[in-house]
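Reader: Please take a close look at the aromatic rings here. How are they arranged, and what surrounds them?

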Amino acid sequence: MTAAPRSPRAVLALLAALMLVDFADRQVLVAAFPYLRAEWGLHDTTLGALVSVVTLTVALGALPVAALVDRWSRVRAIAVMGTVWSAASAASALAPGPGSLFAARVAVGAGEAGYGPAGGALLATRFPAHRRAAVLGLFQAAGPLGTVVGMALGSAVAAQWGWRWAVGVLAVPGLLLALAVLRVRDYPTVRAVPRGPREVAAVLRTRTVVAAVGGMVLLLAVASSLYTWLPTHLERDLHLTPAAAGGLAAVVVLAGVGGTAAAGLLTDRAARRDPGARLRTPVLAGLATTALLVPAFALVPAGPAQVVLVLLGAAVVTAAVGPAAAVVVDVTRPEVRATAVSVLVVAQNLLGLTVGPVLTGALADAFGLATALAVMAALGVAAAAAFRAAARTYAGDREAVATIPGAVATDAGRVGG
């Protein structure tokens, strides 16, 4: 077996690579849609369900899995999760029919359910607190990058060797990365943790967490509506071919990846002088999202100027991801951090990523797609207000956690271990 990744950067690279595989595994099935439709005669509703069931299972399983992670072991839990979803991806490739494929995709979601919280909790204690926004931003940015990789790799493999190879191609790297995580040193749980629902209630009693989660839900509703409906908008209004629209939409997703990573790095740098910068970035991200995307869809004619505004808007709509996750970690005791991050994950998936595309579709049916996208972009102002509310309680909640002896020891004693 390879030597243990001892440096924090090596651990970040390993966990980010596994996050990329996580999201690529979710998205790769999209490339198989034409082949599944031809082989099994599946309708679009069924095809959509095969994708949505993964996200839904992730959302429903995140809290119970994170509670188990907080009581057991972050490292061993991540290894088990990666093994489960990789095995389920292989099973997807061998599915004899739609029912078994659906069951395999449920298993993929079950394996991935607690990975984000567990990985975030582990990284939070491998790096000093003043670098959390950048680290968690880079970790989260691997998700949308994996989405692009899954679409591109799946399309290329399916065209050459068929949909089954495309769906199963990531099983081997996922399994190898999961086993490599076993070489990472874990951090101990330092205090007895509340059990079951009390664990979640303890997290939600922190006002900063509630407000920061609310802000992220609103911004991700905007982001998910943009990612889902932009190709359709480009086809209808810019008259692009589906391939060209998909390619441009992928560039927009990559702009979001860059915005996530850059915002985390810049926020950490500013927060060294003033911790309040942790929440100034999300506030500005919300305001900039509305300022860029509302005119793009409501005022500017379809064309190059609109595309530029959309690219800029895509870069800022995800800029709060790293700082908001860092804020949630900052105001949470180490022994329940996986649970705290899972609260953020569940809310983002159920209320942001799931509701955004559906609400946009309903608005589009009533008012047109461009108007619907503009209305959704206006939620950036509400997100900024939520982050501003979090800023008012952040200092006090952060100080309360810093005075807990176990929290200080965990953060200080395990960095770089």
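Author: Arg26 lies over the face of Phe23, 4.1 Å from the ring centre (CZ of Arg or NZ of Lys within 6 Å of the centre and within 35 degrees of the ring normal). The model is predicted, so local features need pLDDT of at least 70 and side-chain atom pairs pLDDT 80 or more, while totals for chains, interfaces and linings use all residues. Residues are numbered from 1 along each chain as its sequence is written, and side-chain values use heavy atoms, without hydrogens or water.

The structure has three aromatic pairs (ring centres within 6.5 Å, using the six-membered ring of Trp; planes under 30 degrees apart are stacked, over 60 edge-to-face, the rest tilted). Trp40 and Trp163 pair edge-to-face, at 5.4 Å centre to centre and 75 degrees between the planes. Trp40 belongs to helix α2 (residues 33–40) and Trp163 to helix α8 (residues 163–168), so this pair ties together parts 123 residues apart in sequence (helices are DSSP runs of H or I, at least four residues, numbered from the N terminus). Trp163 is buried, at 4% relative accessibility (buried is under 20%, with a 1.4 Å probe and protein chains only).

Trp85 is buried at 0% relative accessible area, and Tyr115 is buried at 0%. Ring pairs join Trp85, Tyr115 and Phe139 into a cluster.

Note on methods:
Helices (H or I, at least four residues) and strands (E, at least two) are DSSP runs, numbered from the N terminus. Buried means under 20% relative accessible area, exposed over 50%, partly exposed in between (1.4 Å probe, protein chains only).
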